[in-house]
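Here is a short briefing on one structure. Please have the sequence and the coordinates open while you read.

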Amino acid sequence: MIDARGQSCPIPVVMVQDAVKKGNRPAELQVKVDAMVCVENITRYAASQGYTVKVDEADGEYTLTLKK
Amino acid sequence: MENEIKLTKLAKCAGCGAKVGAGVLAQLLGDMKVRRDPNLIVGFDKSDDASVYKVTDDLALVQTVDFFPPIHDDPYTFGQIAATNALSDVYAMGGEPKLALNVMAVPKDMPSDAVHEILRGGYDKAYEAGTIITGGHSILDDEPKYGLAVTGFVHPDKVLTNSGAKPGDVLLLTKPLGIGVLTTAAKVGMTTAEGMALAVRLMTTLNKAARDAMVQYRVHACTDVTGFSLMGHGLEMAQGSDVELHLDVRAIDLIGEAVELARLGVLPEGMYRNRSFAEAFVDPGDVELARQDVLYDPQTAGGLLIAVDPADADRLYDALRGTVPSAQRIGTVKTYGGGKRIFLH
């Protein structure tokens with residue numbers, strides 16, 4: 001689980017990009033963010049890499065689950 | 001060395017991305033009591049770039065103010081960009097900037113060299129524009145900010161607003177799009193040196209040459225493309241003129257690196273704000289999402305969007321080529337059909 005809460009955009013999407021590269025394109029990846037712009041940015045990146053994204057929201061925080 | 005401080009680290013948003021959204025702004029200003037004056041040719045009721053007040057039959061004043069937090073780490077470059085951006089609103093109205101006042105916020109501990117360099121950048125651009133900086137106002141603030149309040153002159157009959165576009169007009173644009181993406185990506189080191197150099201060159205190029213060319217021809221409407229993006233400013237033009245815009249996206253100069261970064265999800269928050277303001281009025285056709293995103297990208301000191309009479313379109317386009325960073329013939333204006341305001345093809 002990548003915790004990107006409190007990071008201003010575009011840092012969270014870069015954290016996800018690094019994790020995807022370092023993990024050699026893992027089949028599943030979870031990331032927590034606290035801004036809608038980060039959800040959108042990560043969703044765009046995930047789509048470009050062939051991942052599907054599930055977003056769960058609770059108390060203004062978003063958990064994104066990326067799956068191949 | 002003044003460059004030891006990283007200016008953009010002190011900024012929460014990048015440049016025009018710091019702008020309050022167009023929709024929010026309209027709401028905030030919605031119920032203000034405004035004194036009416038027949039000499040006020042352009043006020044804030046039409047969401048135009050600057051206000052214009054007629055003084056005599058031959059002279060009107062154009063007034064505008066624009067300032068924002070650092071968009072570049074080099075203070076001199078930041079000063080140049082902020083001034084270029086502020087002066088642009090006068091050019092967009094067809095006017096010539098004459099007088100300006102510095103608007104500045106500085107953190108207590110900011111080195112005086114850096115403050116001096118920001119101001120020097122502003123003075124140099126103002127000088128290039130033929131504008132005199134006559135004073136200003138500075139306050140202490142955690143986040144540095146700089147810009148200008150600019151007064152320009154225009155002939156009252158030659159004011160260009162964003163609400164005069166007519167069906168049949170040809171749409172021209174004078175700078176490429178993607179500056180906001182490049183400056184946002186630069187904050188995380190993802191912009192190449194070439195990309196950043198291009199962004200800086202664009203953001204420090206005055207819209208003076210574009211203005212000087214366009215006033216020679218029958219231009220019906222003009223606006224500068226800044227924080228609200230091509231789509232946001234285009235929508236304001238379409239609504240203000242009660243027309244619809246048809247854009248040929250292949251003819252729009254989208255900075256290649258910005259499109260690549262958009263595909264990687266490296267996009268400024270302002271892009272999403274612009275989308276939520278405008279996208280309900282836009283028919284995106286089958287244009288790729290990343291390219292659409294760049295059309296919604298907030299520009300700092302972007303180019304002019306010009307609606308020109310079709311009979312003058314070729315000549316103005318030729319006049320712009322070689323004198324502006326990127327002359328583009330991006331689409332046409334059509335009679336409003338009652339549905340969407342902007343169509344992407």
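The points below cover the chain interface, then chain A, then chain B.

This is a predicted model. Chain A meets chain B through 13 residues of its own and eleven of chain B. Chain B divides into domain 1 (2–158) and domain 2 (170–344). Chain A carries an open sheet of four strands.

**Interface between chains A and B**

- On the chain A side, 13 residues are in contact with chain B, and eleven residues of chain B are in contact with chain A.
- Two helices of chain A, α1 (11–22) and α2 (36–48), each supply at least two residues to that side.
- The largest share comes from α2(A), with seven residues.
- By class, the chain A side holds eight nonpolar, three polar and two charged residues.

**Sheet and helices of chain A**

- The strand order is β1-β2-β4-β3, the sheet is open, and the pairing is mixed.
- β1 (2–3) and β3 (52–58) of chain A are the edge strands, each pairing on one side only.
- Strand β2 (residues 28–33) of chain A runs antiparallel to strand β4 (residues 61–67) of chain A, and six bridges join them.
- Within this pair, A:V33 stands opposite A:Y62 in β4(A).
- α1(A) lies across β1 and β2 of chain A, at about 160° to β2(A).
- α2(A) also packs on the sheet, where it touches β2, β3 and β4 of chain A. The direction of α2(A) makes about 5° with that of β4(A).

**Overall build of chain B**

- Chain B has eleven helices and 13 strands.
- Its radius of gyration is 19 Å, close to the 20 Å that the globule rule gives for 345 residues, so chain B is as compact as a globular protein of that length.
- Along the principal axes, the C-alpha atoms of chain B fill a box of roughly 55 × 50 × 45 Å.
- Of the 345 residues in chain B, 55% are buried.
- Among contacts in chain B with a separation of 6 or more, 87% link residues 24 or more positions apart.

**Domains of chain B**

- The assignment gives domain 1 (2–158) and domain 2 (170–344).
- Their centres, taken over C-alpha atoms, are 20 Å apart.
- The contact between them takes 30 residues from domain 1 of chain B and 33 residues from domain 2 of chain B.
- On the domain 1 side, the elements giving two or more residues are α1 (22–29), α2 (75–92) and α3 (112–128) of chain B.
- α2(B) gives the most to that side, with ten residues.
- The residues on the domain 1 side divide into ten nonpolar, 13 polar and seven charged.

**Strand pairing in chain B**

- Strands β2 (residues 51–54) and β3 (residues 60–68) of chain B pair in the antiparallel sense over four bridges.
- β2(B) and β3(B) form a hairpin, with five residues between them.
- β3(B) also runs antiparallel to strand β6 (residues 145–154) of chain B, joined by nine bridges.
- Strands of a sheet pair through backbone hydrogen bonds, either parallel or antiparallel.

Terms used
Residues numbered from 1 in each chain as written. Chains lettered and ligands numbered in written order. Predicted model: local features only at pLDDT ≥ 70, side-chain atom pairs only at ≥ 80, totals over all residues. Contact = placed C-beta atoms within 7 Å. Nonpolar A, V, L, I, M, F, W, Y, C, P; charged D, E, K, R; others polar. Pairing = 2+ DSSP bridges. Axes fitted to C-alpha atoms, helices over the stretch in contact; angles between N-to-C directions. Rg over C-alpha atoms; globule rule 2.2 N^0.38 Å. Buried ≥ 20, exposed ≤ 12 C-beta atoms within 10 Å, placed from the backbone. Domains from an automatic or database assignment.
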